[in-house]
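Please find below a colleague's note on the model under discussion. The points are intended to be read with the sequence and coordinates at hand.

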Amino acid sequence: SPSSSSVIIVGAGVSGLSAAKVLIENGVEDVVILEASDRIGGRIRKQDFGGVSVELGAGWIVGVGGRELNPVLDLALKSNLRTIFSDYSNARYNIYDRSGKIFPRGLVEETYKKEVESAVQKLKKLEAGGGDFSNVTEPPTTQKTPIELAIDFTLHDFEMPEVEPISTFLDYGEREFLVADERGYEHMLYKMAEDVLFTSEGKLLDSRLKFNKVVRELQHSRNGVTVMTEDGCVFQANYMILSVSIGVLQSNLIAFNPPLPRWKTEAIQKCDVIVYTKIFLKFPYKFWPCGPGQEFFLYAHERRGYYTFWQHMENAYPGSNMLVVTLTNGESKRVEAQSDKETLNEAMAALKDMFGPDIPEATDILVPRWWNNRFQRGSYSNYPMISDNQFVHDIKNPVGRLFFTGEHTSEKFSGYVHGGHLAGIETGKALLEEMEKEKERTSESENQA
Ligand code: FAD
């Protein structure tokens, strides 16, 4: 017979675990958490590589040093996570052209100012036009020079506070802390969950947390929810919290029966999915500069986003002899589809342009594939540039007994770990309220009977 509980939570990432914690702490203990993979964390994920622990997903606590304490920084402090300050401000003075020369400061300042100004203008026009892109004409990227493209890429694909007044920077501050802890960013989740879930020998071993349970079908009605997993198990509950990513919701991994209403599917389709890929390269020794202000450097190529943004790992892990290069969207998808050897060759060619032909070959490469991971289908959500209130409500509002959570349901902080965390708490509380109302309704009808 199917297992039955009060609430089924789908997904054991930061939002699913945060929701579980709220429920259990408020007395709803018969929850079941179904996780498709064999681990907690979702897009918070470490992997051993080249002798250290690297973060394939979230790497930073974004939004530090402001008037409010970022709740994720709070969690990180409570779990003694090792973090280091990342200073991007100098990255633009380390832009290499294809012959290995660093662009002069004057040209950088001028180009930077111009790119920031044009981004701000574009945003203003968009706001004035109510989000209509048709009035916003931009020169095609083919008309931009390599240095303009490199700066454009960092400003937009890295969300620099200069361009958009985003809530994360306004509320929590403009600084970013890199998580550099051998136990991984995910250790913070483990510490957060250990108050409410059973642990043994450093692992969450609670029988309510079930791994390798891929939810494929979801029936929902006025009376409850039933889910079927890929391995043929059936789970029933009064309510469900769905924390799968926006990419998974856009895919056909989960069949809804009855189908989701149109307002919900439209909101899901409206939300953009960003692919963000950190490629790790291991070398026998380091050949890049490691002085102050040199942690980040850029490669100016005529193709936008082509191995543009680099970071050395000496600050995080001294002696690791490792570099990270970040690709996004189209470049991410392109690289996911080719062999790691091809990617290694491309990255080496870029490095040889910058540092000369005599640098050592990388001995190992790690290429995460968030786009092709069927439990992710991308890295994080990107709200429409001008998102109206309707969209914000539709993306998170429940459908009957089906509650939605995840970073993409966070109105202020979508895309971030703290967005996922706060969304999980909010959804957990909303469900508690709904359960309370249901209790009142049943006791009223019992009194009448
Ligand atoms: P997830 O972590 O995706 O959790 C959802 C869970 O659902 C997953 O574990 C998944 O396996 C599971 N699941 C999916 N489908 C099913 C199914 N059918 N059945 C059962 N389970 C299912 N944020 C920052 O704040 N700072 C950063 O520096 C940063 N960098 C990032 C870099 C990358 C490469 C990526 C990918 C993300 C980054 N983010 C960053 C974003 C951050 O990681 C996410 O916003 C956050 O972790 C999302 O948490 P979540 O709980 O909403 O979703």
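1. Basis. The model is predicted; local features require pLDDT of at least 70 and side-chain atom pairs count only at pLDDT 80 or more, whereas totals for chains, interfaces and linings use all residues. Residues are numbered from 1 along each chain as its sequence is written, and side-chain values use heavy atoms, with hydrogens and water left out.

2. Which side chain places an N or O atom 3.0 Å from a ligand oxygen atom? That side chain belongs to glutamine 376. Taken alone, the ligand exposes 1000 Å², of which the protein buries 98%. Accessible areas come from the Shrake-Rupley method with a 1.4 Å probe, and for residues only the protein chains shown count as cover. Helices (H or I, at least four residues) and strands (E, at least two) are DSSP runs, numbered from the N terminus.

3. Aromatic pairs. Rings of Phe, Tyr and Trp (its six-membered ring) pair if their centres lie within 6.5 Å; planes under 30 degrees apart count as stacked, over 60 as edge-to-face and the rest as tilted. The count by this rule is 20 aromatic pairs. One of them joins phenylalanine 283 and phenylalanine 287, edge-to-face, at 5.0 Å centre to centre and with 85 degrees between the planes. Phenylalanine 283 counts as buried because its relative accessibility is 1%, and phenylalanine 287 counts as buried because its value is 16%. Buried means under 20% relative accessible area, exposed over 50%, and partly exposed in between (1.4 Å probe, protein chains only). Ring pairs also link Trp60, Tyr88, Phe153, Phe158, Tyr276, Phe296, Phe309 and Tyr380 into a cluster.

4. Charges over rings. Arginine 105 lies over the face of tyrosine 93, at 3.8 Å from the ring centre. Lysine 264 lies over the face of phenylalanine 404, at 3.9 Å from the ring centre. The criterion is that NZ of Lys or CZ of Arg is within 6 Å of the ring centre and within 35 degrees of the ring normal.

5. The loop between β10 and β11. Arginine 208 is placed in the loop between β10 (203-204) and β11 (209-210), and aspartate 206 is in the loop between β10 and β11 as well. The side chains of aspartate 206 and arginine 208 are joined by a polar contact of 2.9 Å. Such a contact is a pair of N or O atoms within 3.5 Å; within protein, one must be able to donate a hydrogen and the other to accept it, and residues adjacent in sequence count only if both atoms are side-chain atoms. The aspartate 206 side chain also reaches the backbone nitrogen of phenylalanine 198 at 2.8 Å. Aspartate 206 counts as buried because its relative accessibility is 8%, and arginine 208 counts as buried at 19%.

6. Helix α6. Histidine 187 belongs to helix α6 (residues 186-193), and its side chain makes a polar contact of 3.2 Å with that of arginine 183. At 14% relative accessibility, histidine 187 counts as buried.

7. Backbone. Most residues other than glycine have a negative phi, and most peptide bonds are trans. A cis peptide bond joins asparagine 257 and proline 258, with omega about 0 degrees; proline 258 is in the loop between β15 (255-257) and α8 (262-270). Asparagine 321, in the loop between β19 (309-312) and β20 (322-328), has a positive phi near 50 degrees and is buried, with a relative accessible area of 15%.
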